[in-house]
Amino acid sequence: MNNQINQLILQRFGIMFLTLLILSFAIFGITQFLPGDVAEILLDQANTPEAAEALRDAMGLNEPAITRYLKWLIGLFQGDFGNSYVTGEPTVNLVEGRLANTLRLALVASAIAVPPALALGIWAALYQGTMFDRIISGVTVGVVSIPEFLVATMAVLVFAVYLKWLPALSYASEISSVWDMLRIFAMPVITLVCVNSAFIIRTTRAAVVETLSAPYCEMARLKGASRIRTVLVHALPNAYGPIANAIALSQSYLLGGVIIIETIFNYPGIARLMVDAVATRDLPLIQACAMIFCFGYLILTLIADVISILSNPRLRK
């Protein structure tokens, strides 16, 4: 059995590597079609045909696209994402600090969102059909339907403009105390928690409700098991797979889907760095950020797949 599980996990690693390879080709290809000439944008007022041509030669932009892709791909395997076109620094140095900021924001939002969301989802499934379940379902549907930018905008209007409790921009000033840190992180975290909690609650409730309809759960109830015992002991262990996938998807959103949040609140994360790189046509930086997003998503999906395999024997065949 252990060999079978190990083989399945190795297969998932192989699929992840192949997917990442395909994504690298897609990311490199898409960035080549960004409008505007990189050399002309960088030269700005000093742009002349001769200077632009010399700069393209220096950056290797006149080489065939397949040659540039292979060089870039070899660099990825060596941990070298290339140098920024704008600053000339290695993109790794530019990404490190911003990635740490995004991960810090994601971890804080996850720590606040995931435990209560799981508890509310299980509680709603436990009392399926009651007024509490209907309220939870209605609220989560409403929250899921609201775009992130609207939640962020409303948070700015309420807490920053009208109440003046929180700053409208994150990291607008230096953090000198725990209170400053809480105030600066508050609105981005509130926005992310609202959007992700609703998704986790609905997925958790659906997974537990579906498991409760299984024959073994009905047999447990016929034998006199309480509702709570039926959910926690019999239903919940078999719902780990869908719940793990829901959490993985929500965390991947926190890593790669916070572009709107970081832009609205001026938060110096990797998503904001990518937006700035698109504005300046800094192709190596765009490609590095996109690959980090894809790698993070694939890792989280792989973890969810492994949890599903370990919790559900049927998936091992």
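Predicted model: local features only at pLDDT ≥ 70, side-chain atom pairs only at ≥ 80, totals over all residues.
Biologist: Is Trp165 buried or exposed?

Modeller: Trp165 is one of the residues making the nonpolar patch, and it is found in the loop between H7 and H8. Exposed means over 50% relative accessible area. Trp165 has 54% relative accessibility, so it counts as exposed.

Biologist: How many salt bridges does the structure hold?

Modeller: Let's meet some of them. Glu63 pairs with Lys71, their closest N and O atoms being 3.1 Å apart. Arg272 and Asp276 meet in another, at 3.4 Å from N to O. The structure holds four.

Biologist: Which helices hold Arg205 and Asp133, the pair 72 residues apart in sequence?

Modeller: The side chains of Arg205 and Asp133 form a salt bridge, at 2.6 Å from N to O. Asp133 is in the helix of residues 131-145 and Arg205 in the helix of residues 178-212, so the pair ties together parts that are 72 residues apart in sequence: helices H6 and H8.

Biologist: Is Asp133 in that pair buried or exposed?

Modeller: Buried means under 20% relative accessible area. Asp133 has a relative accessibility of 3%, so Asp133 counts as buried.

Biologist: Where do Arg272 and Asp276 lie?

Modeller: These two are four residues apart, about one turn of the helix. Asp276 is partly exposed, at 33% relative accessibility. Both residues lie in helix H13.

Technical notes. Residues numbered from 1 in each chain as written. Heavy atoms only, no water. Buried < 20%, exposed > 50% of the residue type's maximum accessible area, 1.4 Å probe, protein only. Patch = residues over 30% accessible without salt bridge, like charges linked within 9 Å, V, L, I, M, F, W, Y side chains within 5 Å. Areas by Shrake-Rupley, 256 points an atom, 1.4 Å probe, with all protein chains shown as cover.
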